[in-house]
Amino acid sequence: MNFRILAIICLYAACVLLIAVPTAYAAALYQMDEVVVTATRTEKALVDVPVRTEVVSRDQIERSHASNLKQALEAVPGVMLKRIHGKSGYSVWLEGMDSDRVLVLLNGEPISASTGFSVDLTQISAMEIERIEIIKGASSALYGSAAMGGVINVISRRNEKPLALSVTLDGGSWGDDNLDGGDAIAQRHVGTQVATQQGKWNALAVINVRESDGYDLDKRTFSSQGNSGTKFNVHTRIGYRPDEHSEIYLSPKYYREDIQNQFATPAPGTPSGEVRKNKNELAKRTSISVGGHSKLKEESQLSGFIIVENFTDETQQDVIATSAIDQSRYAEIDITKVELQWDQPISDNQILTSGVAYSEESLNQTQQTFQGPSLVTFSEIQGKAARENSELFIQNDIFINNNVELLLGARAQNDSDFGGHFAPKVNLLYSPFWFESAETRLRTGIGTGYRVPNLKERFFVFDHTALGYKVLGNTDLKPEQSTNVQLGLEVVSAKQRFDINLFYNDIDQLIETDSAPVQNESGILIFKYINVAKATTYGLDLAWSRALDDRWSASSGYTFLSAKDRQTKNRLPDRPEHQLKAELRFDYQPWKLDIALVGIYQSEEYIDLANTIKSPGWTTWDLKITQKTTQHLSVFFGIDNITNEHRLKFDGTDNRPDEGQFVYAGIKLVN
């Protein structure tokens with residue numbers, strides 16, 4: 001760790017100590033008995049979970065004006081949100097691990113990817129979220145190979161009313177960056193949630209519609225950056241509770257996006273020197289899940305679910321000067337997942353959790369293109385690709401005494417293409433009584449991770465010519481293996497929280513994208529998935545928050561990340577070394593007024609494994625204002641990216657924010 005890093009950490013700690021002075025007016029920010037479920041898949045108070053768990057509360061989500069899961073996670077320290085290759089959505093990275101290694105759940109059920117194999121967080125409505133539970137690192141045996149980097153579990157709101165209704169309307173503008181210019185409302189959002197509880201039956205329906213006219217960060221060129229079009233999703237759930245300890249449910253979901261943007265490819269010798277095109281994309285996802293839980297005799301519980309999903313994605317490249325579609329690509333992904341879990345107390349101080357999981361998926365991708373005057377259709381992956389995976393998991397939660405809890409676990413899996421693997425985990429929680437008014441927790445854990453290449457990485461072709469690059473699959477990829485170590489200290493009271501966590505990941509055969517210059521097309525960068533023989537990510541998360549008086553509160557978080565290829569000593573791409581997040585909040589209850597200023601800083605990062613292309617660092621500031629006018633109605637206003645910080649290159653080599661300054665306003669109605 002160099003002197004600059006040490007200086008940043010010392011400065012951060014000094015600021016915390018100077019500000020964290022006692023005050024008689026501090027409001028209660030933390031409910032120390034808040035119950036979470038993700039760490040052990042059993043209900044525990046947040047401060048007592050043996051695996052470090054971070055929570056985003058409903059109050060935090062509402063005051064951030066979040067309309068989707070991506071916006072709800074923006075202020076969480078150590079969380080990186082990255083634009084999905086060639087898509088309008090975002091994925092989540094944890095501890096230097098990308099989205100393919102972060103498992104996203106909804107009430108414990110895996111959310112399947114709708115963009116190839118990365119979960120688009122913008123497709124998950126914030127209206128239905130009660131809280132978000134976050135586990136970083138491969139420290140839990142209860143989650144499979146997709147959780148090498150961690151777990152994001154979205155917990156839905158529970159309705160106890162005969163009828164509950166919530167409606168949100170909002171819209172905003174990028175100003176001069178609007179695709180058509182001017183100050184029109186270039187982005188519009190309508191969200192509705194209806195829930196009912198009638199005797200033993202309950203039902204939920206969440207509908208979201210988002211429309212955008214798109215934005216253009218460089219009007220000197222024909223190409224635009226922000227997609228225009230519509231995104232629509234609906235989530236429904238019907239449940240039946242025969243008694244207070246049991247429930248069965250049926251949950252159909254549907255998502256559709258129909259988006260467009262314009263781009264140009266070089267064409268020397270033509271009057272404009274380029275060929276102008278539209279890129280059209282129509283994606284659909286249909287899924288249905290059936291599940292439930294039931295408490296059996298002697299306090300044991302059986303739970304499980306089945307998910308069946310179909311995802312289709314059709315993209316077109318349409319030359320504006322001609323009447324025909326010059327190229328179209330069609331991909332279809334089918335996924336089935338089944339999981340069964342049994343929780344059984346085996347003594348007064350031990351709870352045994354065990355289960356089985358099975359999944360299968362298939363991918364088919366075809367392309368239509370003109371070869372001379374003829375329209376030719378061919379498979380891009382030589383037929384249909386498929387794989388199956390079976391897993392067994394077991395965990396023993398042992399309460400050694402009032403101060404020490406030991407969590408032992410293991411997961412075994414067998415993949416149809418790559419064979420079997422066994423991954424053990426161990427976590428230890430020590431709860432010393434150091435302070436009378438605060439809870440102190442020391443946590444440590446070590447676990448092994450294992451992930452086979454998914455079908456996207458092996459076979460998929462991401463043709464992002466509209467953005468100046470393509471990403472090609474690689475059938476020769478090998479499985480990844482990792483060792484993860486966590487060590488943390490947390491001190492929590494009703495008025496403030498301080499948390500420091502050290503992490504280390506030793507990874508073999510890490511799968512990354514890298515430029516493939518021998519395959520470069522004219523004006524197009526070609527990237528390909530490859531294995532990095534040995535890689536390491538390590539660093540620390542610091543987080544602090546406190547109520548300063550009855551009106552003001554502050555929070556901040558700093559993350560240091562070192563991510564390197566151990567053979568070349570180069571930094572791994574797309575991973576900034578420093579990240580700093582801070583929020584200052586003013587909450588004046590007599591006026592029911594809430595104002596927050598949120599800042600995010602990320603340092604520069606490399607784009608390629610050779611460390612020859614570097615993306616600059618950046619800083620953004622957001623302003624959030626909420627005014628509750630009545631018991632049922634509130635209005636809100638905000639400015640995202642006040643300083644208009646955004647990327648200036650559009651070829652995949654600039655990772656600064658994709659959007660410039662965005663001004664918005666909206667209303668929210670609840671019954």
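Two strands count as paired here if DSSP finds at least two bridges between them, and strands (E, at least two residues) and helices (H or I, at least four) are DSSP runs numbered from the N terminus. This is a predicted model, where local features need pLDDT of at least 70 and side-chain atom pairs count only at pLDDT 80 or more, while totals for chains, interfaces and linings use all residues. Residues are numbered from 1 along each chain as its sequence is written, and side-chain values use heavy atoms, with hydrogens and water left out.

**View 1. An open sheet with mixed pairing.** Five strands line up here in the order E3-E8-E9-E6-E7. At the edges sit strand E3 (54-57) and strand E7 (109-110), each pairing on one side only. E3 meets E8 in the antiparallel sense, over 4 bridges.

**View 2. The largest nonpolar core, with 24 residues.** A nonpolar core is a set of buried Ala, Val, Leu, Ile, Met, Phe, Trp, Tyr and Cys residues joined through side-chain atoms within 4.5 Å; buried means under 20% relative accessible area, exposed over 50%, and partly exposed in between (1.4 Å probe, protein chains only). Leu-69, Leu-73, Val-92, Val-104, Ile-132 and Ile-152 have the most contacts inside this core. Among the elements giving it two or more residues are helix H3 (69-73), strand E5 (90-94) and strand E9 (150-156). A second, separate core of 14 residues includes Ala-39, Leu-46, Val-49 and Leu-103.

**View 3. Leu-69 and its neighbours.** Leaving aside residues up to four places away in sequence, Leu-69 touches Val-104, Leu-121, Ile-124, Ile-129, Ile-132 and Val-154. Contact means heavy atoms within 4.5 Å.

**View 4. Strands E15, E16 and E17.** E15 and E16 run antiparallel, joined by 19 bridges. Asn-278 has Asp-318 in E16 as its bridge partner. The E15/E16 hairpin has 5 residues between the strands, and Glu-298 takes a positive phi near 60 degrees there. E16 also pairs with strand E17 (residues 327-347), antiparallel again, over 17 bridges. Gln-301 finds its bridge partner, Asp-343, in E17.

**View 5. A nonpolar patch on the surface.** Strands E15 (274-295) and E16 (301-319) each supply at least two of the patch residues. Ile-288, in strand E15, counts as partly exposed because its relative accessibility is 37%. Patch members have over 30% relative accessible area and no salt bridge (a Lys or Arg side-chain nitrogen within 4 Å of an Asp or Glu carboxyl oxygen); like charges are joined within 9 Å, nonpolar side chains (Val, Leu, Ile, Met, Phe, Trp, Tyr) within 5 Å.

Note on methods
Areas by Shrake-Rupley, 256 points an atom, 1.4 Å probe, with all protein chains shown as cover.
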